[in-house]
Amino acid sequence: MLFNSFNFVAFIIPVLFLYWFVFKKSAVYQNIWLLVASLFFYAWADWRFLVLLITSTLINYYLGLKIYQSEDDDRRRNTFLYVGLIFNVGLLLYFKYVNFFYEGFYDLLNLFGADLSYNTLQILLPLGISFFTFQTLGYLIDVYNEEIEPGKDLLEFSVFVTFFPKILSGPIERASGLMPQIQKKRRFEYDVFVDGLRQILWGLFAKIVVAENCAVLADLVFEDYQNQPASTLILGTFFYAIQLYADFSGYSNMAIGVGKLFGIKLMRNFATPFFSTNIADFWRKWHMSLTTWMMDYVFTPLSFVLRRRQKQGLMISIVITFILVGFWHGANWTFIAYGFLHGMYFIPLVYSGKMNTEHIVAKGKWLPTLKEISKMLFLFVLIMITDVFFRAANVSEAFDYLGRILSSTIIDFPIALINGTALTTLLLILIFVSVEWINREKTHDLEISKYPAVLRWGFYTIIFVLILFFGRSAETFIYFQF
C-alpha cells in the first residue's frame, strides 16, 4: 500500500476519522487503534511476514524488561543483551544475507578449481526488516546502557515498533524520541495537522514527479549503457542521483507528514544534503536516522577501542562503519564498494581536523559564494559517480560504466537524452532544487506556514498542477528493497 496510491487514501481517511473522533478519549484507545491499523498496513504489504513482525516485537519487549530488571546482575544483563543482539542480527543475516554468503562460499571454491554447481536459495526478504530490526537493536542497547527505561506497557511498545508510516522504509526511530509521544494522549493540533499535509504534498511531488521522471531517463541509460557515449552516461548518473534522493526523501517526507496527522512527530531523515560542502556534512543530512544510528552504535564503540591509534584509528573506524552502511543496503558487493568509497572520502577531513565542522551554505543569504558553489559541485559529482555502484547489478558493471565515462566520447552530443522529456525533467528538477534551496534552513522542505495565505495557496495549486500533468505512476519505492 504505497503512500501515493488510491488504496492508501482509502485506508488513511477512515483510520484518521476514527482516531480523532472515536478513539480520542485516551492514549490507550488511540494506541489500540494505531496498532490495529499498523498491523493491517503491514499485512497488506506482505501478510506472510506479519507473524515475524509480531514475534520480533514480543521478544524484544521481553528482553528489554529483563535487561532492566537485571541491573544488579551484570552477567544476566549481558546474557539478555547478547540474546537480543543474536536474535535481531540473526534475523537480518538469515533473511537478507544468507544467500550472499552461500553463493560467495561456492564461488570461492570454484575459484580454486572445485567446479561445483549450486542453486540459489529462495529466501524471501520481509519488507522493512532492515528498519524495524535496527530500531529494536538500538532500543535494547539504550536500555542496557541505562539511557532509557524499557517500555513496560506491551501496547505502547508494539506501537513504537509497528507504527505504520515508518515501518517499511523508516525513519529508524529512537525510543527516547518516539516512546514519550506514544505514552501520552495525542490532542488534535490544527497547525501540526496542516503541516503534515504540506509535507505529504511535497513528498508526493518529489516521488511521482521528480523521481519517476528521472527514473525513465536513468533506466534508459543504465539498461543500455554499453551503446551510449560518455556524455550520455554522465547525464544518466545525474538523473539517477536525483532519482535516488527524490525517491527516498519523498518517502521520508510523506512518512513524517502522515505521522503528524496522528499527532506524532517522527525524526527528520533528510536536510537538503546536496547543499553540503563536504562528505561529513552530507552524511549528517542524508538518511539521518541511519547515519546517527551507525555513529552511535558502531562508530563510537569502534573509535573508543581504537583511540590509541589516534587519527589512524579514527579513519579505520569510519571506513568500517561506512562499509556496514553500504552492506546494510543489500547483499551485494556493489553496496560494500559504495560504503567503502564513502568511508575513504572522509580521510582528508580526518587529517585536516575538519570532520566535525557543520556549515549551512549561504546562511541568512540568498546566494552562496563561488567557493561554496565549487565545493557543492565537486561533492555532488563525487556522490553522483559513487551512486553508479548503488545502481549497477555488480561491481564489474559499475567499473565498466565508469570506465566508459572516461572515453573520448565524452565530447559527443548526448542525443539519447536530449528530447522533450529530458528538458521537461530538468525544469522539474530546477523547481525542486529551488524550493529546497529557499527552505534549506527550515525544519522541512516545504515549511511555508508563515507565508501569506495567497502565496501559500498559489504554491499548493502550482504543485498540484505539476503532479496532475507530470506525475507518473510508481509501483514501489527504491528503499523498499532494503
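Tutor: Helices here are DSSP runs of H or I at least four residues long, numbered from the N terminus. The model under discussion is predicted.

Student: Which helix gives the largest share of the lining of the second largest cavity?

Tutor: Among the residues lining this cavity are Phe134, Gln135, Glu173, Trp293 and Tyr297. Two helices, α5 (129–144) and α12 (288–305), each supply at least two residues of the lining. The largest share, five residues, comes from α5.

Student: How many charged residues are in the lining of the second largest cavity?

Tutor: Asp, Glu, Lys and Arg count as charged. The lining includes Asp142, Glu173 and Arg174. Beside five nonpolar and two polar residues, the number of charged ones is three.

Student: Is Threonine 277 buried or exposed?

Tutor: Threonine 277 lies in the loop between α10 (230–261) and α11 (279–285). Leaving aside residues up to four places away in sequence, Threonine 277 touches His359, Val361, Glu372, Lys375, Met376 and Leu379. Buried means under 20% relative accessible area. Threonine 277 has a relative accessible area of 14%, and therefore it is buried.

Technical notes:
Residues are numbered from 1 along each chain as its sequence is written. This is a predicted model: local features need pLDDT of at least 70, side-chain atom pairs count only at pLDDT 80 or more; totals for chains, interfaces and linings use all residues. Side-chain values use heavy atoms; hydrogens and water are left out. Buried means under 20% relative accessible area, exposed over 50%, partly exposed in between (1.4 Å probe, protein chains only). Contact means heavy atoms within 4.5 Å. On a 1 Å grid over the protein atoms alone, a cavity is a set of points where a 1.4 Å probe fits but cannot get out, and a pocket is an open set with protein on both sides within 12 Å along at least five of seven lines; lining residues have an atom within 4 Å of a point.
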